[in-house]
Amino acid sequence: MTVNELARAMKKDIDYIFEALMNTAVDLDSLKEGSRLDEIWIKEVIKKAGMKLKWNKLKQDKVKENKDAVRRPQADPALSTPRFPVVTIMGHVDHGKTTLLDKLRKTQVAAMEAGGITQHIGAFLVSLPSGEKITFLDTPGHAAFSAMRARGAQVTDIVVLVVAADDGVMKQTMESIQHAKDAQVPIVLAINKCDKAEADPERVKNELLAYDVVCEDYGGEVQAVHISALKGDNLMALAEAVIALAEILELKADPTGLVEGTVIESSTDKGKGPITTAIIQRGTLRKGSILVAGKSWAKVRLMFDENGKTISEAGPSMPVGIIGWRDLPSAGDEILEVESESRAREIVEWRKYEQGQERSKEDLKIIEEKRKEHQEAYQKDREKLSNLSWKQRALVKHREWKKQQLLQPEGKGGESNVLPVIIKGDVDGSVEAILDIMDTYDASHECELELVHFGVGDISENDVSLAETFHGLIYGFNVNVGKVIQQSATKRGVKIKLHKIIYRLVEDLQEEISSKLPCSVDEYPIGEASVLATFSVTEGKKKLPVAGCRVQKGQLEKQKKFKLLRNGHVIWKGSLTSLKHHKDDVAVIRTGMDCGLSLDEENIEFKIGDEIICYEEKKVVTKTSWNPGF
């Protein structure tokens, strides 16, 4: 080994190697960084360092065989049978998407939504009087749920774009159009709220032209249906438009063989464990099937439809609730059926291993960059010392070390401004939306926002323990807190904040961040006076400058703070040593009265025309500059 290699292996400085070889037969003057050391001297240095020497042969890493599961090849057209369409309803927040679905399903979904805003993605099968069936996906329109809308577009055949006739094209309308285009999915336009007096469907059609959504009236291919979801007007025409488009698309799927599907939503139920809502895309799902999704697997214990009714099988295009997952898969994960439980475990282990490898690669990249930085800095230091002997180098290094010791502050400084938070949500998509919002946080220079833990399900004792350890707070979205856990949190001084509307949670988070920021001090003027004359008063052996003033506005109060302005510039701030009216000491001088005053700084000279402002300071709560965008 060379001197350099040995130092690196021992994680020591090169000079340490030189020092260890003092008083030995090695000629130190001729020894360089790249000089090779004999085995005897390598052992000598290691012995002096109190380390042990171990000879090893380099091992060759074995490449693991890919054990992942993939979708089956394209099905034989002869095996494919027609399937009903999967339709995603998209549009801006509060444009009537849930009301429309509600009328189609004749159930009260909207009544359950907090603040009338859809906060989950729901999948429902709607049977029409004609016998046709359509699977509807209801996506949230709120700005926070962009990832959910994108996911809805990926598993869908047709997008129904709901636009309010009285509101026109809004931000999430544009985003929905983009999602549909990215997924290459055709659009059916539903112009809602046409029963309102201020409704203007033609304006909506015109506005959509700018986004390449050309209605049939304008020579395009997009069907536009004027509806009123609230009154139930023209809903059959909308369903017929969807069915007509589905017929043109000739939607088919293979109902045989191993199941393929997509997780639409996932949540945890206290009694049932992890539950997923999924859309089956190929094959027929039955009880007892072994499924893999992401880094989780399931043996299907129970399946149910959107009304909670148990079903025995689910074919292509069907929305289905699945119970039997070992862990909670993420929304958007691909579901694949496998032959056995052992194969499912093998796939999950391989995926976890692959994720670990990816993480290691990223870590190595960061470590390598840091090592490079240190190496460059080290090389610069070495160049400075290159002309010195090793003894001189040791002396320089000792001085450097001493200098560093002196520069180090005594005791520990004040703690940095950090807000640790724990996020718990009812379903995977909700937690994802909250984390996406937190990703937009750009005010770390004011206060560090630290995500300690996040998860799906009710708030547990473990969450409270974590919050106590990190001095953080817990945010719960659409989840519950048991009485025992609430009492435990109160006892430990842990704050738990529960919300049912996402933007209320974000507002609360902004307030918490703001409360961590130092207050700013604002000045509030109480009175203004102008200097009409200047003179000096002898006090003992000192001459004190005095200003003869007249109060122009408000009043001067001796106990408050004052500032002196000359040509609009502040030249002094402080307090008064005396305030007199005629020859009497007074505490307050009101508007229009004359007075004499002297400052607490003797070197300030007054000039006629100067302004004296009496003011008080008030602390104002600083608001965070972070704006999540809604």
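Modeller: Residues are in contact when they have heavy atoms within 4.5 Å of each other. The model is predicted, so that local features need pLDDT of at least 70 and side-chain atom pairs pLDDT 80 or more, whereas totals for chains, interfaces and linings use all residues. Numbering starts from 1 along each chain as its sequence is written, and side-chain values use heavy atoms, without hydrogens and water.

Biologist: How are α12 and α13 oriented, roughly parallel or roughly antiparallel?

Modeller: Their axes, lines fitted to C-alpha atoms over the stretch in contact, come within 10 Å and cross at roughly 10°. Angles run from 0 to 180 degrees between N-to-C directions, and those under 35 degrees count as roughly parallel, over 145 as roughly antiparallel. The crossing angle therefore makes α12 and α13 roughly parallel.

Biologist: Is K67 buried, partly exposed or exposed?

Modeller: K67 lies in the loop between α3 (39–48) and β1 (81–82). Beyond residues up to four places away in sequence, K67 touches R343, E346, I347 and W350. Its relative accessible area is 29%; under 20% is buried and over 50% exposed (1.4 Å probe, protein chains only). Because 29% falls in between, K67 is partly exposed.

Biologist: What relative accessible area does D428 have?

Modeller: D428 is found in helix α11 (residues 428–439). Leaving aside neighbours within four places in sequence, D428 is in contact with E265, S266, P329, S330, A331 and V456. D428 is buried, with a relative accessible area of 17%.

Biologist: Which helix supplies the largest share of the lining of the largest cavity?

Modeller: A cavity is a set of points on a 1 Å grid over the protein atoms alone where a 1.4 Å probe fits but cannot get out, and lining residues have an atom within 4 Å of a point. The lining consists of I89, L100, L104, F136, V160, L238, A239 and V242, eight nonpolar residues with no polar and no charged ones. The largest share, three residues, comes from α8.

Conventions. 1 Å grid on protein atoms, 1.4 Å probe; cavity = no way out; pocket = protein on both sides within 12 Å on 5 of 7 lines; lining within 4 Å. Helix = DSSP H or I, 4+ residues; strand = E, 2+ residues; numbered from the N terminus. Nonpolar A, V, L, I, M, F, W, Y, C, P; charged D, E, K, R; others polar. Parallel < 35°, antiparallel > 145°, perpendicular 65-115°, else oblique.
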